[in-house]
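User: I would like to learn how to read sheets and helix packing in a model. Please take me through some cases.

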Amino acid sequence: MSSNLKNREIKLMKVIKNFNQNWRFIPELVAENYPDHAFESITLPHTNKLFTQLFVDNQAYQFVSTYRKHFTIEEDTTHKRVFVDFDGVMLKTTAYLNGQLLGIHAGGFTPFSFELTDYLQHGENTLTLYVDATENPEIPPYGALVDFLTFGGVYRDVYLRIVEPCYIQHVFVRPCDVLTTPTVECDVQLSEWQPGLTLQATLKDADGNIVAQQTFDVPADQLTVSLTDLAPVQLWTLEQPTLYHLHIDLSSDDQFSVRFGFRTAEFAQDGSFYLNGEPLKLIGQNRHQTYPYIGAAAPKRLQQVDAEIIKYELGCNIVRTSHYAQSPHFLDRCDEIGLLVFEEIVGWQHIGDEAWQALVMQDLQAMIEHDRNHPSIILWGVRVNESPDDNNFYTQTNALAHQLDATRQTGGVRNFAESHQLEDVFTLNDFTEIIQPPRPPHLITEFGGHMFPTKTWDHEARRIEHALKHARKHNLQLGHPDVAGAISWCAFDYATHKEFGSGDRICYHGVMDIHRLPKMAAYFYRSQKSPEDEVVLYAATNWTMGDRDGGGNNPLTIFSNCEVIEVLFDGELQGIYHPNRDEYPHLKHPPFTIKWQEPYNPWGTRMDDLEVRGYIKGECVAEQKITTDHLPHSLRMFTHTTELDAGGSDMARVAVQVVDRYGNVLPYQSQIIEWSLEGDAQFIGENPQVLLGGQGACFIKACHTAGEVIVHAKSAYLPPVSVKLTIR
């Protein structure tokens, strides 16, 4: 059992069971008595349809499917209440237990529950879900065109929960006076009140040591308890995201455990964002929750990897959950690694009628009540992305957010600077190459993106300019004291509706491709990391004569966090260069811009291999070589994990790149890869697969038995490669 599931067992009351196993699925609406053998056996999370990496037709997932689960409850449920909890189902769910209607839930991005108590029977029970993935204009984000796909299915985790009639519904932990004399206030909401109730609150540090413990009488179904006189606490920071646990034990035999951090976060009127009282410039990415092949049905491990990529590979300190609440696993990982989060309500440009707005309010409440204990979350987005002003509606969303969580500020993402501001922070999608007149507190929530879509196999000049647009915008925002930060559109390419994407229905707005593999722009972000974390040296060139208009490589751009670089041709030193601080005075590590002096132009003559060396404190710490022959040398295969958990849901991304003899990806190598698999696992992807931009990936999904799995990839021209995975 994973540590996360153990935490959920405590958090979600006395008995909590993962309910992902042994479901049946059929991609149509069928009657309750439809035979089981006609269904496919599945494990959640689940997408109602698998897709190719390109040309995703949104019409293909818009149907009603039936999910069925037979189950027997071993525990004694006499005088208990039993619930089934869904982390996310797309888009409308109608649930029955043993033929009795449990309820209907509209909306695909926030958690919800159905109570089973009244219709449970001894022995076997049958839970039936009719999941409608139709893009219903009455349900947000729909009502107008939307620039992303929602896919369909029971695409997040499901849990069975058994509780006493008097149980804890919500716990909200509020650290107070964090920078002076820390205390903890905790709001507790019960399902009902009973006389004589007591509550014990126990605060534990990350090692499980008790920091404070106190028992309280419970006079009503809502109460606030306080823990004071705490021993010195460790702050939650980006570098050391220390997490504490508050355990609530109710005398009616119920428990609830909350993980949180001691920190302060404020967008101030001076224009800066402050974390724990220290100014911090925000550099971030927007993230869609969708993936190739599996839509949004990504299990815990893939959700965690996305957070790790944004934090560690791209070196960012904030992510915006565009444009909806996202997976608990993603947010948990942001807490654990120190990645700030701006989480926002569902929607895209459109505001519907009163019933539609009521669903947004429902989603907003569910999002905040579910996620407000995450220390990584610093801002609630209470405005539908890029929607017009609607003072009545947004007065309500702001008021609800402040009522549910007075510790965080609100923002509302718009795309016109003259918009009315009802929120605490003016959050603006600013696609200009300047800084719009700031309205502090002011946060740029999108830039780039559709203004310059870029593929991994585009010509060199476009890929370089794509990266430099990100460099220029961050240079501007870092130099502007009235701007708190800038969040790029976006981290990863994504499938979209035909009205928005390229000819293959992909939005090529990411600094990484749809497989989470880097474009040149990703190396700009990496180069802004401290060399203590990673030394970065990347020459942004194919080193050819014919990729740019007019030919040549003048200027040569190099992204690096080194202090000085040397450039050599065929081993001969051409020059020593420093970062381009004239054009990028505010970047921590400006690009190196090397403008060749005439008469260097080997057009029509021999061109030599490029070698770049990076130096810090006089020591050579990195080097890169690029061959001039551009011939494929080998396949490079890698994965983010070599271990998976048995159980039918865990997945690994396995990537393949075509590289030259120095290990550089060759973006014009569209080789065809054939995959093969040994062991008890499922291959998810295209087979054979055309590598786009010289790279591609598949998913390997663990089945239900432990053992070894070997993944092979081969092409017609290069030696095969393989990677071994252990299924635990």
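This is a predicted model: local features need pLDDT of at least 70, side-chain atom pairs count only at pLDDT 80 or more; totals for chains, interfaces and linings use all residues.

User: How is packing between two helices described?

Analyst: Two packed helices are described by the angle between their axes and the distance between the axes. Here, helix 6 (residues 460–478) packs on helix 7 (residues 520–527) at an angle of about 35 degrees, and the axes are 7 Å apart. The crossing of helix 6 and helix 7 is right-handed.

User: Which residues in helix 6 and helix 7 meet?

Analyst: Helix 6 contributes Arg463, Ile464, His466, Ala467, His470, Ala471 and His474, while helix 7 contributes Met520, Ala521, Phe524 and Tyr525. By class, the residues of this contact are seven nonpolar, three polar and one charged.

User: In what order do the strands of the three-stranded open sheet run?

Analyst: The order is 11-12-15, with antiparallel pairing. Strand 11 (168–176) and strand 15 (222–227) each have a single partner strand, so one side of each has no neighbour in the sheet. From one strand to the next, the twist averages 20 degrees. Eight bridges pair strand 11 with strand 12 (residues 183–190), and Val171 stands opposite Val188 in strand 12.

User: Which strands are at the edges of the six-stranded sheet?

Analyst: That open, antiparallel sheet has the order 3-2-4-9-6-7. Its edge strands are strand 3 (40–42) and strand 7 (100–106), each pairing on one side only. Neighbouring strands are turned by 25 degrees against each other on average, direction ignored. Within this sheet, strand 4 (residues 64–71) and strand 9 (residues 125–132) run antiparallel and are joined by eight bridges; Lys69 stands opposite Leu127 in strand 9.

Methods:
Residues are numbered from 1 along each chain as its sequence is written. Side-chain values use heavy atoms; hydrogens and water are left out. Two strands pair if DSSP finds at least two bridges between them. Helices (H or I, at least four residues) and strands (E, at least two) are DSSP runs, numbered from the N terminus. Axes are lines fitted to C-alpha atoms, for helices over the stretch in contact, and angles run from 0 to 180 degrees between N-to-C directions. A crossing is left-handed if the near helix is turned anticlockwise from the far one by less than a right angle, and right-handed if clockwise. Contact means heavy atoms within 4.5 Å. Ala, Val, Leu, Ile, Met, Phe, Trp, Tyr, Cys and Pro count as nonpolar, Asp, Glu, Lys and Arg as charged, and the others, Gly among them, as polar.
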